[in-house]
Amino acid sequence: MTASRAEGGPGIRLREAALADLDAIMHLERATFPADAWSRDVMAAELASPHTVYLVAESGDEVVAYAGLSAVPRAEQADLQTIAVDPTHRRLGVGTVLVRHLLTLARDRGAREMLLEVRADNPGAEALYERHGFTRIAVRPRYYQPDDVDAIVMRAELAS
């Protein structure tokens with residue numbers, strides 16, 4: 001994927017993330033998920049994996065959001081790994097653009113459905129996913145630690 005203009009606020013561009021984006025991604029990761037942020041090593045492995053695709057949204061030269069997809073080519077399931085948007089760019093459509101692109105990438109890799117977990121205490125994120133066809137299918141009690149917050153498991157069927 002090359003950089004492209006995206007709806008989601010003025011001057012927002014999407015492109016595939018690179019290892020060079022790790023510092024910016026980790027800054028957003030820690031700010032967005034302070035209690036359960038992924039480690040730098042885990043995120044570096046995600047960026048390097050042949051089965052994942054991470055996107056970053058840029059405004060000017062600044063990374064203002066990122067999202068990741070795990071989708072083994074020709075596997076029926078894909079997973080939306082994570083998504084984070086800087087607070088200054090929330091409610092501008094950046095999350096919507098990222099989710100749409102990840103759904104398309106999953107379809108392109110042959111997935112027939114996409115799964116995700118979302119914190120039960122994040123109704124805004126759950127609503128974003130519902131707008132894109134995700135429905136609740138399960139709850140994982142106390143999944144997010146150390147906060148003891150449940151995870152809502154959601155699934156979207158992908159049209160071929």
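**Exercise 1. The surroundings of G60**

Task: Find which residues G60 is in contact with, leaving aside its neighbours within four places in sequence.

Solution: 
- Step 1. Start with the cut-off: contact means heavy atoms within 4.5 Å.
- Step 2. Leave aside the neighbours within four places in sequence, and G60 is in contact with G11 and R13.
- Step 3. Place G60 in the fold: this glycine is in the loop between β3 (52-59) and β4. Helices (H or I, at least four residues) and strands (E, at least two) are DSSP runs, numbered from the N terminus.
- Step 4. Judge the accessibility of G60. Buried means under 20% relative accessible area, exposed over 50%, and partly exposed in between (1.4 Å probe, protein chains only). With a relative accessible area of 39%, G60 is partly exposed.
- Step 5. Take a distance too: G60 and I25 are 35 residues apart in sequence, and their C-alpha atoms are 16 Å apart in space.

A word on the model before you go on: it is predicted, so local features need pLDDT of at least 70 and side-chain atom pairs count only at pLDDT 80 or more, while totals for chains, interfaces and linings use all residues. Residues are numbered from 1 along each chain as its sequence is written, and side-chain values use heavy atoms, with hydrogens and water left out.

**Exercise 2. The whole fold**

Task: Work out how many helices and strands the protein has, and in what order the elements run from the N terminus.

Solution: 
- Step 1. Count the elements: there are 4 helices and 8 strands.
- Step 2. Read them from the N terminus on: β-β-α-α-β-β-β-α-β-α-β-β.
- Step 3. Look at burial and contacts. Of the 160 residues, 44% count as buried. Among contacts between residues at least 6 apart in sequence, 57% join residues at least 24 apart.

**Exercise 3. Buried or exposed?**

Task: Decide whether E113 counts as buried or exposed, and find which side chain it makes a polar contact with.

Solution: 
- Step 1. Locate E113: this residue is in strand β6 (residues 113-119).
- Step 2. Apply the accessibility cut-off: at 17% relative accessibility, E113 counts as buried.
- Step 3. Look for the partner. A polar contact is a pair of N or O atoms within 3.5 Å; within protein, one must be able to donate a hydrogen and the other to accept it, and residues adjacent in sequence count only if both atoms are side-chain atoms. The side chain of E113 makes such a contact with the side chain of Q77, at 2.5 Å.
- Step 4. Widen the view: not counting residues up to four places away in sequence, E113 touches several residues, including E76, A78, R155 and L158.

**Exercise 4. Backbone angles in the loops**

Task: Find the phi values of R74 and R91, then state what kind of peptide bond joins Q145 and P146.

Solution: 
- Step 1. Take R74, in the loop between β4 (62-70) and β5 (77-85). Its phi is near 70 degrees, a positive value in a residue other than glycine. R74 is exposed, with a relative accessible area of 73%.
- Step 2. Move to R91, in the loop between β5 and α3 (94-108). R91 is not a glycine either, yet it has a positive phi of about 65 degrees. At 83% relative accessibility, R91 counts as exposed.
- Step 3. Turn to P146, in the loop between β7 (135-144) and β8 (149-157). A cis peptide bond joins Q145 and P146, with omega about 15 degrees.
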